[in-house]
Amino acid sequence: MDRDVAVMAENVSKKFTTNLRRSMLHGMQDIARDLFKIPSHSDQLRKDEFWALKDVSFELKKGQRIGIIGPNGAGKSTLLKLLNGITRPDTGCIRINGRVGALIEVGTGFHPLLTGRENIYVNGSILGMGKSEIDSKFDSIVGFSEIGDFLDMPVKNYSSGMYIRLGFSVAVHSEPDILLVDEILSVGDIGFQKKCFRYIEEAIVGKGVSVCLVSHNPNAINRLCPEVIVLDKGILTYYGETHKGLAKYLDLMALRSGQGEVRGLTKQYARPGAGEVRVDRLSIEGGNGEEAMNLKTGDMVKFIIALRAERDMPYWPSVRLMISDLSGISIVESRLSEPEKNGWKLKKGQNIVSCEFTSLSLMPGRYLVGVKVGGGSDILQDLVMDLGYLSIIGTEDIYKLTWGAGI
């Protein structure tokens, strides 16, 4: 392996078993095969097994930052655990050149009955630090973690956020050559997230440390990582420039939901609510009155919702338009016009209601659009969280500002 390479993964595969008893049986068989030096056929699946990762290859150079992104269950955390040596690949090999610092799971390397003070020494030792080195950095570790008031409390009483603070602080103070960070940072509060990313940018990157970052946050990936790996169902589907990889990831998320661009409710499935009024279709019009394929930040936009009533209704239920990011966090929730104040009632069959924004202030990206009918003081009639996707594009300057802003 070249001296300028920090991590090299070659055709790495890892399989797991869905059944616990079957997993124990396979484990015993593998031990027996190793004992008698019988080929294990690790490249083949046995009963109840599946590939969490399959033939993944990439190279991380010293000082390089790479993002790892993909839908839930894509194999991201499994890959980090392989890189950290927590588990071994079934096929392929991983070569590491340097000290690894990892933050993968809450509480990794901590003993729950020991205090925060004691765990600093325990975790630091696991990461390759000697006692004298930990002594010299102790005050800095505590200061960065901001848990000074709870330093002598057993960590079993810590919140998940406190675990993250202490774990990240010890990891970065071990001065690793390679830093592995999972989505786990999202457990911490926003202020600490900013602090961590700022530290990675200023202190870690400036020292030539290689970084592997797993995140569902496109801003975080784009801010820190010039290159990205996109995983889907254990397979590496893209490896290259970040902006192209993020587009690939968003396409995967769209396919996972069974929806394409925003058009209408093309799939039927069990939905909550009484069902006397259902959402039939959503269409989006731009300022020119034509259906919009893409919108720009600040554009005028009109959402038109078709509702189908099973019978004449004695009232007009509340209708709310909901726009959220791909993780489901609500960005916009707007109650549509209130026709009941004009004495209007919902008629059997199709009814149309609309909501118009003179300036839709969403930053470039892709968003989920949903509709809620009734609820609150009304009887909930229908709720569709993933009616479709809304694509917001921007000028080149706006796009750079958006993806560069980060957390």
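1. Lysine over aromatic rings. In this predicted model, the charged end of K195 lies over the ring of F144, 4.7 Å from the ring's centre. A second case involves K54, whose charged end sits over the ring of W51 at 4.0 Å from its centre.

2. Aromatic pairs. Seven aromatic pairs turn up when the whole structure is searched. One of them joins F110 and Y163, which are stacked, with 5.7 Å from centre to centre and 25° between the planes. This pair links distant parts of the chain: F110 belongs to the loop between β5 (100–103) and α3 (116–126), while Y163 is in helix α5 (residues 160–173), 53 residues apart. F110 is buried, at a relative accessible area of 12%, and Y163 is buried as well, at 14%.

3. A pair between helices. Y121 and F138 also form a stacked aromatic pair, 5.9 Å centre to centre with 25° between the planes. Y121 is in helix α3 and F138 in helix α4 (residues 131–145), 17 residues apart, and the pair links distant parts of the chain. Y121 counts as partly exposed because its relative accessibility is 25%, whereas F138 is buried at 10%.

4. The protein overall. The secondary structure consists of nine helices and 17 strands. Of the 407 residues, 45% are buried. Among contacts with a separation of 6 or more, 71% are between residues 24 or more positions apart. The accessible surface is about 19900 Å², and carbon and sulfur atoms account for 51% of that surface.

Note on methods:
Residues are numbered from 1 along each chain as its sequence is written. This is a predicted model: local features need pLDDT of at least 70, side-chain atom pairs count only at pLDDT 80 or more; totals for chains, interfaces and linings use all residues. Side-chain values use heavy atoms; hydrogens and water are left out. Helices (H or I, at least four residues) and strands (E, at least two) are DSSP runs, numbered from the N terminus. Buried means under 20% relative accessible area, exposed over 50%, partly exposed in between (1.4 Å probe, protein chains only). Contact means heavy atoms within 4.5 Å. Accessible areas come from the Shrake-Rupley method with a 1.4 Å probe; for residues, only the protein chains shown count as cover. Rings of Phe, Tyr and Trp (its six-membered ring) pair if their centres lie within 6.5 Å; planes under 30 degrees apart count as stacked, over 60 as edge-to-face and the rest as tilted. A charge sits over a ring if NZ of Lys or CZ of Arg is within 6 Å of the ring centre and within 35 degrees of the ring normal.
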